[in-house]
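Let's take a walk through this structure together. Please keep the viewer open as you read.

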Amino acid sequence: MQMNNGDIVVGLGEALWDILPDGKKLGGAPANFAYHCARCGLDSWAVSAIGDDRLGEEIAEQLSEKQVNYIMEVVPYPTGTVQVELSPAGVPTYEIKSGVAWDNLPFTPRIEELAKKTRAVSFGSLAQRSVVTRDSIDAFLDAMPQDNDRFIVFDVNLRQNFYTPECLESSMERCNILKINDEELIAVSRMFGYPGIDLKDKCWLLLGRHNLKVLVLTCGVNGSYVFTPGHVSFLPTPNVEVADTIGAGDSFSAVFVSSLLKGCSVKQAHHNAVYYSAFVCTQHGAMPEYPESLKAQVSVLP
């Protein structure tokens with residue numbers, strides 16, 4: 001696939017198979033992010049590593065079918081899989097395999113070339129559990145254009161015990177948009193000894209401490225907040241029939257960032273993100289097709 005000369009959006013880190021009760025579905029938070037940005041009409045790329053195996057081939061095939069650009073470096077490790085169990089409310093728990101391809105993402109010349117043209121990138125804590133991929137993420141961020149117009153999104157995505165205080169602190173220092181949910185915010189606050197203040201005060205503390213442009217706090221059925229210096233936006237979560245919540249947060253981040261890149265205000269970007277992530281909750285898996293009916297609610301869709 002050819003890179004355009006214009007702005008590029010990248011989901012950087014894990015690409016894998018979610019093994020669900022009804023079969024496997026393509027996933028991984030950065031790959032999900034790239035998919036939803038592509039559906040918003042952006043030049044979006046998923047960057048990860050796959051094994052020299054059938055599961056890896058199928059990831060590449062599905063990304064092509066979904067019209068998502070990608071760089072999937074082939075490495076001598078098995079393609080990643082995650083065993084997913086769903087609660088009666090559709091909330092997932094994950095058993096994530098270690099020693100897999102996306103743990104061993106090399107920083108190759110073609111990835112460096114992509115980084116130099118990247119306007120927005122999203123990465124999380126999970127892919128940084130290995131030093132190889134963590135170093136590649138750092139190198140990618142270093143290679144991006146060093147200007148104030150770029151969006152560097154750290155979507156915390158705490159999974160199992162695959163994170164450290166050092167990783168979280170470093171990532172929050174490097175990003176300018178922080179995406180976190182209410183449970184993660186509590187965990188981070190305990191980890192860093194933040195005082196027993198309410199969630200909104202913790203968000204203001206993080207926003208100022210790390211000099212962020214934006215902090216997004218999602219609270220499941222209890223709504224979501226978007227903090228910018230001196231302002232906060234709150235929107236309730238639409239009442240929908242939940243199939244599962246896999247990828248809902250990733251779609252929120254993607255539609256929010258896509259909206260900003262297309263010139264929307266923070267308020268409109270928040271609205272778009274809320275309505276699309278609610279739709280994703282009504283579908284099985286993280287990468288559903290966009291229905292025509294959604295376009296009336298989400299103004300950023302092409």
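Below we visit an aspartate, then the nonpolar cores, and then a helix.

Keep in mind that this is a predicted model. Is Asp43 buried or exposed? Asp43 counts as buried, because its relative accessibility is 13%, and the cut-off for buried is under 20%. With its side chain, Asp43 makes a polar contact to the side chain of Trp45, at 3.0 Å. Now look for Asp7: Asp43 lies 36 residues away from Asp7 along the chain, yet 7.1 Å separates their C-alpha atoms.

The largest nonpolar core has 77 residues, and the members touching the most others are Val10, Phe140, Leu178, Leu215 and Leu217. Strand 4 supplies the largest share of this core, with 5 residues.

If you select Leu217 and set aside its neighbours within four places in sequence, you will see contacts with residues including Ile180, Leu185, Leu199, Cys203, Tyr225 and Phe227. The contacts of Leu217 also include Asn181, Asp182 and Ser224.

Finally, find helix 9, which covers residues 266–281. From first C-alpha to last, its 16 residues reach 23 Å, close to the 22 Å expected at 1.5 Å a residue. Its buried residues include Ala269, Val274, Tyr276 and Phe279, as well as His270 and Asn272. What do the buried residues of helix 9 pack against? Their partners are helix 1, strand 12 (224–228), strand 13 (231–235) and helix 8 (248–261).

Notes. Residues are numbered from 1 along each chain as its sequence is written. This is a predicted model: local features need pLDDT of at least 70, side-chain atom pairs count only at pLDDT 80 or more; totals for chains, interfaces and linings use all residues. Side-chain values use heavy atoms; hydrogens and water are left out. Buried means under 20% relative accessible area, exposed over 50%, partly exposed in between (1.4 Å probe, protein chains only). A polar contact is a pair of N or O atoms within 3.5 Å; within protein, one must be able to donate a hydrogen and the other to accept it, and residues adjacent in sequence count only if both atoms are side-chain atoms. A nonpolar core is a set of buried Ala, Val, Leu, Ile, Met, Phe, Trp, Tyr and Cys residues joined through side-chain atoms within 4.5 Å. Helices (H or I, at least four residues) and strands (E, at least two) are DSSP runs, numbered from the N terminus. Contact means heavy atoms within 4.5 Å. The expected span of a helix is 1.5 Å times one less than its number of residues.
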